[in-house]
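The sequence and structure come first.

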Amino acid sequence: MKLAGAILILLTTTWTGFEAARMLHERPRQLRQLKAALQALEAEIMYAHTPLSEAALHISKQISLPLSKLFEQFAAKLQVGETSVQQAWEESLQEVWGTTALKQGELEIMRQFGETLGQYDRHTQQKQIALALVHLEREEADALERQARYEKMAKSLGVLAGLLLVILLI
């Protein structure tokens, strides 16, 4: 019985450590996807003159989950037409953000971006997208630094914490 409990404790803490490492690994990847999505949005707005709801739908098909869900829900809310662009963006962010590996800093950048979305002419909108991209670039650099520094440590810490608990309990 003690052996089964020890194995269960070790598996649980190891899984926790690997899950923390996965989040550290996912954050830079999702930031790159978010930057690519904003660049695609810029291209759709500036060059294809695509309406915002259609552009968001196109982007949702180009990127993977969970960020594709953000643009998909945003497009759906815009097509219903009962909310403003800013409110549709905010609601979409709130619904999807918990499923991402992204942090509060990125959420604030995307909220600020949403406040300007659809309110200006194409050239001003392009500048707002460029500003959001600069901020996301900074966050990506931070995410890559954190990944390099803490990913291996999180895995090791999960295993070692489990071993410590097993030793203390036996």
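Leaving aside its neighbours within four places in sequence, which residues is Gln 147 in contact with?

## Gln 147 in helix H6

The model is a predicted one. Gln 147 lies in helix H6, which covers residues 122-169. Apart from neighbours within four places in sequence, Gln 147 is in contact with Leu 24, His 25 and Pro 28. With a relative accessible area of 14%, below the 20% limit, Gln 147 is buried.

## Helices H1 and H5

Helix H1 spans residues 2-46 and helix H5 residues 104-116; their axes come within 13 Å and cross at roughly 10 degrees. Angles under 35 degrees count as roughly parallel, and H1 and H5 are therefore roughly parallel to each other. From H1, the contact is made by Arg 27, Leu 31, Leu 34, Leu 38 and Leu 41; from H5, by Glu 106, Met 110 and Phe 113. Sorted by class, this contact has six nonpolar residues, two charged residues and no polar ones.

The length of H5 can be checked against its residue count. At 1.5 Å a residue, its 13 residues should span 18 Å, and the end C-alpha atoms of H5 are 19 Å apart, which agrees.

## Buried residues of H5

Which residues of H5 are buried? They are Glu 106, Leu 107, Ile 109, Met 110, Phe 113, Gly 114 and Thr 116. The buried residues of H5 pack against H1, helix H4 (85-96) and helix H6 (122-169). Just after H5, Gly 118 has a positive phi of about 75 degrees.

## Two sides of H2

Helix H2 runs over residues 52-62, and its buried residues are Leu 52, Ser 53, Ala 55, Ala 56, Ile 59 and Ser 60. These cover an arc of only 160 degrees around the axis, so they sit on the same side of H2. Lys 61 and Gln 62, on the other side of H2, are exposed. The partners of the buried residues of H2 are H1, helix H3 (67-80) and H4.

Not counting residues up to four places away in sequence, Thr 100 touches Met 23, Gln 30, Pro 66 and Leu 67. Thr 100 and Arg 27 are 73 residues apart in sequence, while their C-alpha atoms are 7.9 Å apart in space.

## Backbone geometry in the loops

Most residues other than glycine have a negative phi, and most peptide bonds are trans.

Pro 66 is found in the loop between H2 and H3.

His 49 is found in the loop between H1 and H2. How accessible is His 49, and what does it count as? At 48% relative accessibility, His 49 counts as partly exposed.

Notes. Residues are numbered from 1 along each chain as its sequence is written. This is a predicted model: local features need pLDDT of at least 70, side-chain atom pairs count only at pLDDT 80 or more; totals for chains, interfaces and linings use all residues. Side-chain values use heavy atoms; hydrogens and water are left out. Axes are lines fitted to C-alpha atoms, for helices over the stretch in contact, and angles run from 0 to 180 degrees between N-to-C directions. Helices (H or I, at least four residues) and strands (E, at least two) are DSSP runs, numbered from the N terminus. Angles under 35 degrees count as roughly parallel, over 145 as roughly antiparallel, 65 to 115 as roughly perpendicular and the rest as oblique. Contact means heavy atoms within 4.5 Å. Ala, Val, Leu, Ile, Met, Phe, Trp, Tyr, Cys and Pro count as nonpolar, Asp, Glu, Lys and Arg as charged, and the others, Gly among them, as polar. The expected span of a helix is 1.5 Å times one less than its number of residues. Buried means under 20% relative accessible area, exposed over 50%, partly exposed in between (1.4 Å probe, protein chains only). The arc is that of the directions from the helix axis to the C-beta atoms.
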